[in-house]
Amino acid sequence: MAANFWTSSQCKQLLDPEEVDVVHQIDRERGITLEDFKLIKLHMSNYIAKLAQNVKVRQRVVASAITYMRRVYVRRPITEYDPRLVAPACLYLASKAEESTVQARLLVFYIKKLYSDDKYRYEIKDILEMEMKILEALNYYLVVFHPYRSLSQLLQDVGMTDATQLTWGIVNDTYKTDLILVHPPHLIALACIYIASVLKEKENTGWFEELRVDMNVVKNIAMEMLDFYDSHKMITDERVSAAMMKLNR
């Protein structure tokens, strides 16, 4: 297991945004557009979070599960690996990887409680079989370094511990995007602090300059999150349903 991010498989496997925003040929043939692809991944990120809330696991488990799900779809077609099964299987796998194990039967119970749609209804054996496929797609690399790790220390350093809840919430929202596949976690944490600084009207320019990080990257991440918040307002249940319907063709 890598002791730090810079020697980890996660660091070596960081992707360019263009590599993440690729719809597999087989999915394109089924009518899945890039917008559909993003909507489905967003919907599944929310699904994982909702399921996690019911089985009561830590936010770190949710973050790892969403990271696994997003990594899988860089490598596997979304029409062949049904996200309605991949999502709970990723949560199941992440709960074990983060030593907060949830029983598969509990996931199945809450899936049936949350969704009346038969297309979401999978059994324990389905989750266990998909878990093996996910492990293979991930090349068995399960350690994920998250922005949370450096967030508390950075907030202390900048004197913004009063903005912990706000900044934590923004970090949570980054998992509704593919940022964790593209950027080192500490830069994502800094971008979230940057957004919180603007919202709180705190002048932290000097502190950011002293960090000796590429502020262009930090600002770009912040802009991506602000763009996400803007576009998120336009997402309707109808648009998500229309994207999900294409999986059933």
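Start at Ile 193: leaving aside residues up to four places away in sequence, this side chain's residue touches Leu 151, Leu 154, Leu 155, Val 158, Met 160, Thr 167, Trp 207 and Phe 208 (contact means heavy atoms within 4.5 Å). The model is a predicted one, where local features need pLDDT of at least 70, side-chain atom pairs count only at pLDDT 80 or more, and totals for chains, interfaces and linings use all residues. Residues are numbered from 1 along each chain as its sequence is written, and side-chain values use heavy atoms, with hydrogens and water left out.

Ile 193 also shows up in the largest nonpolar core, which has 85 residues; together with Leu 91 and Ile 134, Ile 193 touches the most other members. (Such a core is a set of buried Ala, Val, Leu, Ile, Met, Phe, Trp, Tyr and Cys residues joined through side-chain atoms within 4.5 Å; buried means under 20% relative accessible area with a 1.4 Å probe, protein chains only.) Helix α4, residues 34–55, supplies the largest share of this core, 10 residues. Helices here are DSSP runs (H or I) of at least four residues, numbered from the N terminus.

Now look at α9 (residues 148–158) and α10 (residues 164–174). Their axes, lines fitted to C-alpha atoms over the stretch in contact, sit 11 Å apart at an angle of about 155°. The two helices are therefore roughly antiparallel (over 145 degrees, on a scale from 0 to 180 between N-to-C directions). Tyr 148, Leu 151 and Leu 155 of α9 meet Thr 164, Thr 167, Trp 168, Val 171 and Asn 172 of α10.

Definitions and conventions
Buried means under 20% relative accessible area, exposed over 50%, partly exposed in between (1.4 Å probe, protein chains only). Angles under 35 degrees count as roughly parallel, over 145 as roughly antiparallel, 65 to 115 as roughly perpendicular and the rest as oblique.
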